[in-house]
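Please keep the sequence and the structure in view while reading.

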Amino acid sequence: MSAALTAAVPGRFAGQVVVISGAARGQGRAHAVRFAAEGADVVAFDICAPLRSPLHPASTPEDLAETARLVEAQGRRCLTAQVDARDLQGLAALAARAEAELGRLDTLIVNHGIWAIAKNSWELEEDDWDEGIDVMLGGAWKVTKAFIPSMIRAGNGGSVILTSSAMGQKAQPAAVAYTAAKHGVLGLMRTLAWELGDHGIRANAIMPGTIASRMTQEGGTVEQSAEWWPRFFSTDRSLLQAGWMEPDVIAAAASFLASSDAAFLTGVALPVDAGWSTF
Ligand SMILES: NC(=O)c1ccc[n+]([C@@H]2O[C@H](COP(=O)([O-])OP(=O)(O)OC[C@H]3O[C@@H](n4cnc5c(N)ncnc54)[C@H](O)[C@@H]3O)[C@@H](O)[C@H]2O)c1
């Protein structure tokens, strides 16, 4: 199913540069490969290290190197860096390096994220709440703060795409920090849409549904959540019987949002969830 949906549009982003956070694997890697196949050079960064709250395995420097290999196999340049989205200085240094080496920045995809659970909100450890909000909301803001000035300086307009979640507009029990942070990401996106419009830069968000990545497929959190909250998990909310969708489904949506086909879309929170959020 996803192969037919996601045919690349060759040359769509020829001569352009895309920056992607959380690019070592999963959706971040899919974005990198998709944009490279459509002509863009890529700045791919990721923390590539464990955090305290997730049960799923951490990404590695080897994962990030594999993303670079796949981009280069498309004939595009890939600048990689191991940077934490919470580290504003590290982000600013990468933005300066990207501007010096690649000259411009057209699309910024704020994709990084983590997944952690606790049966009830009040049982979540304080440090786990802090980490979820710091990484996914604070980190999203810091990535935009670091890279948007390069986009404005380049003067070519552009597109900022933030990865929220179906949990950006609905709730899932056992995932309070995630749900709250992803709601917050939509507030960040809508504020940016106001502020960037005069620069010809658009800001939108994608709200993915169930995507097959290591975040969801490893660590047992889906099974544990279903055991805790059978009422929530007893319904398959996917209207298209899509099941776990491949990350490239989200890369196709990002490519559309960054393209001239979406020239007049800004401030949009786009569900790509096979209808999950209509419930
Ligand atoms: N998988 C799903 O079902 C699903 C659904 C909705 C939204 N999302 C969101 O999609 C995005 C991509 O997730 P994925 O499914 O590809 O999972 P993933 O775990 O494969 O990828 C997430 C990447 O983000 C990186 N990352 C985490 N914290 C970071 C930090 N502080 N700084 C830099 N990089 C960091 C990780 O190392 C990892 O490589 C996330 O924002 C996630 O919340 C996922």
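The model described here is a predicted one.

## Helices H2 and H3

Helix H2 and helix H3, the latter formed by residues 61-72, pack at an angle of about 15°, and their axes lie 9 Å apart. Because angles under 35 degrees count as roughly parallel, H2 is therefore roughly parallel to H3. The crossing of these two helices, H2 and H3, is right-handed.

On the H2 side, the residues that take part are Arg29, Ala32, Val33 and Ala36, and they meet Asp63, Glu66, Thr67, Leu70 and Val71 of H3. Sorted by class, the residues of this contact between H2 and H3 are five nonpolar, one polar and three charged.

## Helices H2 and H10

Helix H2, which covers residues 26-37, also packs with helix H10, which covers residues 247-258, and here the angle is about 50° while the axes are 8 Å apart. H2 and H10 are therefore oblique to each other, and their crossing is right-handed.

Which residues of H2 and H10 meet? From H2 come Gly26, Gln27, Ala30, His31, Arg34 and Phe35, while H10 supplies Pro247, Asp248, Ile250, Ala251, Ala252, Ala254, Ser255 and Ala258. In the contact of H2 with H10, eight residues are nonpolar, four are polar and two are charged.

## Helices H5 and H6

For H5 and H6, the packing angle is about 20° and the axes are 8 Å apart. That angle makes H5 roughly parallel to H6, and the crossing of H5 and H6 is right-handed.

The residues of H5 in this contact are Asp128, Trp129, Gly132, Ile133, Met136, Leu137, Ala140, Trp141, Thr144, Ile148 and Ile152, and those of H6 are Val176, Ala177, Tyr178, Ala180, Ala181, Lys182, Gly184, Val185, Leu188, Leu192 and Leu196. When the contact of H5 with H6 is divided by class, there are 17 nonpolar, three polar and two charged residues.

## Cavities

How many cavities of 30 Å³ or more does the model contain? The count comes to three, and the largest cavity holds about 110 Å³ of space.

The lining of the largest cavity is made of 17 residues, and those that lie nearest its centre are Ala116, Ile117, Leu124, Ala177 and Tyr178. Two elements, helix H5 (126-154) and helix H6 (176-196), each give two or more residues to the lining of this cavity. Twelve residues of the lining of the largest cavity are nonpolar, four are polar and one is charged. Ala177 and Tyr178, which are among the residues nearest the centre of the cavity, also belong to the contact of H6 with H5.

## The second largest pocket

The volume of the second largest pocket is about 210 Å³. This pocket is lined by 16 residues, and Gln16, Asn156, Gly158, Arg202 and Ala258 are the ones that lie nearest its centre. Of the residues in the lining of the second largest pocket, three are nonpolar, nine are polar and four are charged. Ala258, one of the residues nearest the centre of the pocket, is also one of the H10 residues that meet H2.

Definitions and conventions: Residues are numbered from 1 along each chain as its sequence is written. This is a predicted model: local features need pLDDT of at least 70, side-chain atom pairs count only at pLDDT 80 or more; totals for chains, interfaces and linings use all residues. Side-chain values use heavy atoms; hydrogens and water are left out. On a 1 Å grid over the protein atoms alone, a cavity is a set of points where a 1.4 Å probe fits but cannot get out, and a pocket is an open set with protein on both sides within 12 Å along at least five of seven lines; lining residues have an atom within 4 Å of a point. Grid points are joined across faces, edges and corners, and a volume is the space filled by probe spheres set on the points. Helices (H or I, at least four residues) and strands (E, at least two) are DSSP runs, numbered from the N terminus. Ala, Val, Leu, Ile, Met, Phe, Trp, Tyr, Cys and Pro count as nonpolar, Asp, Glu, Lys and Arg as charged, and the others, Gly among them, as polar. Axes are lines fitted to C-alpha atoms, for helices over the stretch in contact, and angles run from 0 to 180 degrees between N-to-C directions. Angles under 35 degrees count as roughly parallel, over 145 as roughly antiparallel, 65 to 115 as roughly perpendicular and the rest as oblique. A crossing is left-handed if the near helix is turned anticlockwise from the far one by less than a right angle, and right-handed if clockwise. Contact means heavy atoms within 4.5 Å.
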